[in-house]
Amino acid sequence: MLLRHTTKEIKPREALLINPAKTCQPIGAMYAALGIHACLPHSHGSQGCCAYHRSTLSRHYKEPILAGTSSFTEGSSVFGGQANLLEAINNIFTVYDPEIVAVHTTCLSETIGDDLPQIISKARDEGKIPKGKYIIHANTPSYVGSHVTGFANMCKSMVTYLAEKSGGKKEQVNIIPGFTEPADMREIKRLAGALGVKTVIFPDTSDVLDAPQTGKHVFYPAGGVTVSELRSTGDSIGTIALGMTASASAAKALDAKFKVPCEILNLPIGLRATDAFVDALRKMGSVAVPDVVTEERGRLLDIITDMHQYFYGKKVALFGDPDQMVSLAGFLTDLDMKVVYVLTGTADGKFAERIREITKETAPQAKVAANADLFTLHQWIKNEKVDLLLGNTYGKYIARDEDIPFIRFGFPILDRIGHSYFPSVGYYGGMLLLQKILNALMDRQDRDCPEHQFELVM
Ligand code: SF4
């Protein structure tokens, strides 16, 4: 196995990450941009970066990912990429006719110091941006941050470039769904619709990266938040930002720019976090929670109570993005599981404190790390084994080496399908997640138990 040389002995490391639990900023920016209707993401850097970002998204979503690149050569690497970007903007609007182009930078263009606002303004002055079309940009150097911060930066750019205030109020609530799957965004919309709250969800990759097969090629799929919806966000009653790391900066920018009040919540993964989301929607939209939603909640609660004995006391290791980890650790702790290891590759100063607050009763000795790598997680597991591992595809090596049940959760998932079609958020998503956890635990029990305990009925 690839990881068989991972040692049990943990030595302090300062200058080396091995298998970091994150990927690069522009991937998040590109994903967020795909959640705008008829948007062409554009990578301002070399072709190699863009190819890597597109292929990672394609492998995760099993869909073609459209994106332009400034195609830096040796010349642009030395003298800057202004000429390349100006030509790209002209070509993109002439040939591909998007409503909007969302440019993100890369390590190379950031190191050169290309001034994107200046280049975009020059493109406008030179008439390269047709009337009624838009360009936004986000700075996403990948020697800092992660795919999550890239996503957050592009969401903030949607606000800073596009949000407006007309003077009137719109009976709508903005929801920033965080770096979640298309199925999660669809589920968030469905829940808000069930409550009767009109929403603008941005970004929204449902019907973009989970679009149905119709037999016809459509360059820009039907989904995505429209530019006019984004422009209207300054008139909304309020904003609900789901996830501190991925969504808070855009919500705060909208509050600072147009005094649109915001509530920053955890991602609605699990019972408690979904309750908080539904409650916030109820208050902001001045609506009552309908029976259909209360009944859904009751079904999730029913599984939790019926199956509690199988969750109780099981030791779990989690790795992934900070917002997902906070909600997941909370959900599993509420099930009376022991969340003993939690690790994220994203640098987040408050991460350890937030997780420890969740696990302090059930797993006071929990190991928590931000800006960390899977080598560390593997070493922790080697020192004390867990009953279950949850994380993205890269966890499969640890799971195989240590013979641990493994549930794929987070980004990227490259070797399975389903994550983009079945939600993890909301009461329904919580039920699906519990089904996965129970199946993994039961399969392991059936595999390992002695014959006289091999039960037909659980
Ligand atoms: S880390 Fe930097 S150089 Fe590497 S693919 Fe990402 S943006 Fe490009």
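Which residues are around the ligand?

1. They are C24, P26, C49, Y52, T106, C107 and S142, a residue being counted if its C-beta atom, placed from the backbone, lies within 6 Å of the molecule. This shell divides into five nonpolar, two polar and no charged residues, where Ala, Val, Leu, Ile, Met, Phe, Trp, Tyr, Cys and Pro count as nonpolar, Asp, Glu, Lys and Arg as charged, and the others, Gly among them, as polar.

2. On the basis of these points: the model is predicted, so that local features need pLDDT of at least 70 and side-chain atom pairs count only at pLDDT 80 or more, while totals for chains, interfaces and linings use all residues. Residues are numbered from 1 along each chain as its sequence is written.

3. The protein chain is divided into domain 1 (25-162), domain 2 (170-288) and domain 3 (293-453), with bounds from an automatic or database domain assignment. The centres of domain 2 and domain 3, taken over C-alpha atoms, are separated by 25 Å, and their contact takes 28 residues from domain 2 and 29 residues from domain 3 (C-beta atoms, placed from the backbone, within 7 Å).

4. On the side of domain 2 that touches domain 3, helix 8 (182-195), helix 10 (244-258) and helix 11 each supply at least two residues, helices being DSSP runs of H or I with at least four residues, numbered from the N terminus. Helix 8 gives the largest share, eight residues, and this side as a whole divides into 16 nonpolar, seven polar and five charged residues.

5. Just after helix 11, which spans residues 271-285, S286 takes a positive phi of about 50°.

Notes: Expected span 1.5 Å × (residues − 1). Contact = placed C-beta atoms within 7 Å.
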